[in-house]
Amino acid sequence: PPFAIATGAGDFEPLGSFPALERAVKSLADRQLLTPTDFYAASTEARRQAFTISGDLGESTIARVREILGENLEGPANREAFTKTVREQFDSLPISDSHLEQVYRNAANEAYSQGMDHVLENPLVVDAFPYRAYFAIHDTRARHTHRELEKLGLSGTNIYHKDDPTWRRFKPPWDWSCRCGWAPISIRAAALQGVQEAVEWLQNGREPAHIWVAPPP
């Protein structure tokens, strides 16, 4: 992700600033706590702004798990460390380690994704990266529907315009336990990947009238 480096006054220690990561932690902390019933009854967009854990858990427990997850993201992000800390603080949490892994993956991936969006909305970079590339995980656990999105974009590529409704609906993570990722793409990079509208945009310097890709079946 984009980052800035500053020099501390009076010494030579570099101070790193990672806006996407900082925003990810804030995004997680700001999420509304919902019971599982309310969470799954909410719209897709509402769920992006909420946090829950399936199971018969009280709001204080859910809030503390969210807090531990945020603390984990601020350091070297590690799902094993997250699970270990949760187990240490709750003697009899009625959910399995594999379920905690999904809680970690879902919340962390969504928070990182929102953090990246926030950084890319900055006026200094918003026009430089009008496209987004979709990357699926290629292993035996990956669902074919997720892999298909790597070739349903513009000109049959994994690239979508950032304002495309299909991209907004399927921006990772878009499904339970989605491990897919994405990256910002410039006009030149999109053109090199074979996106025809980007080729024309690069050649004549005029933004094309975007034709959104068809939603997946």
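**Helices, rings and cores**

Mentor: Leu-120 is found in helix 6. The model is a predicted one.

Trainee: Is Leu-120 buried or exposed?
Mentor: The cut-off for a buried residue is under 20% relative accessible area. Leu-120 has a relative accessibility of 5%, so Leu-120 counts as buried.

Trainee: Which residues does Leu-120 touch, not counting residues up to four places away in sequence?
Mentor: Pro-130 is 10 residues from Leu-120 in sequence, and their C-alpha atoms are 9.4 Å apart in space. Contact requires heavy atoms within 4.5 Å. With residues up to four places away in sequence not counted, Leu-120 touches Val-125, Val-126, Phe-129, Arg-132, Trp-182 and Pro-184.

Trainee: Where do Trp-167 and Trp-182 lie, and how many residues apart are they?
Mentor: Trp-167 is in helix 8 (residues 165-170) and Trp-182 in strand 7 (residues 181-185). The pair links distant parts of the chain, and the separation is 15 residues.

Trainee: What are the relative accessibilities of Trp-167 and Trp-182?
Mentor: Ring pairs link both, together with Tyr-160, into a cluster. Trp-167 counts as buried at 3%. Trp-182 is buried too, and its relative accessible area is 13%.

Trainee: Which ring does Arg-169 lie over?
Mentor: The distance to the ring centre is 4.7 Å. The ring whose face Arg-169 lies over is that of Phe-170.

Trainee: Which residues have the most contacts inside the largest nonpolar core?
Mentor: This core has 24 residues. Helix 6, strand 5, strand 6 (159-161), helix 8, strand 7, helix 9 (187-192) and helix 10 each supply at least two of its residues. Those with the most contacts inside it are Tyr-131, Tyr-134, Ile-159, Ala-190 and Ala-198.

Trainee: Why do the buried residues of helix 5 line one face?
Mentor: In helix 5 (residues 79-89), the buried residues are Phe-82, Thr-83 and Val-86. Seen down the axis of the helix, the buried residues line one face because they fall within an arc of 95 degrees.

Trainee: Which residues are exposed on the other side of helix 5, and what covers the buried ones?
Mentor: On the other side, Lys-84 and Glu-88 are exposed. What covers the buried residues includes helix 4 (59-74) and helix 6 (97-120).

Trainee: With which side chain does the side chain of Arg-64 make a polar contact?
Mentor: Arg-64 is found in helix 4. Not counting residues up to four places away in sequence, Arg-64 touches Glu-71, Gln-89 and Phe-90. The polar contact is at 2.7 Å, and the partner is the side chain of Glu-67.

Terms used
Residues numbered from 1 in each chain as written. Predicted model: local features only at pLDDT ≥ 70, side-chain atom pairs only at ≥ 80, totals over all residues. Heavy atoms only, no water. Buried < 20%, exposed > 50% of the residue type's maximum accessible area, 1.4 Å probe, protein only. Helix = DSSP H or I, 4+ residues; strand = E, 2+ residues; numbered from the N terminus. Arc of directions from axis to C-beta. Polar contact = N/O pair within 3.5 Å; in protein donor to acceptor, adjacent residues only side chain to side chain. Phe/Tyr/Trp six-rings, centres within 6.5 Å; stacked < 30°, edge-to-face > 60°. Lys NZ or Arg CZ within 6 Å of the ring centre and 35° of its normal. Core = buried A, V, L, I, M, F, W, Y, C linked by side-chain atoms within 4.5 Å.
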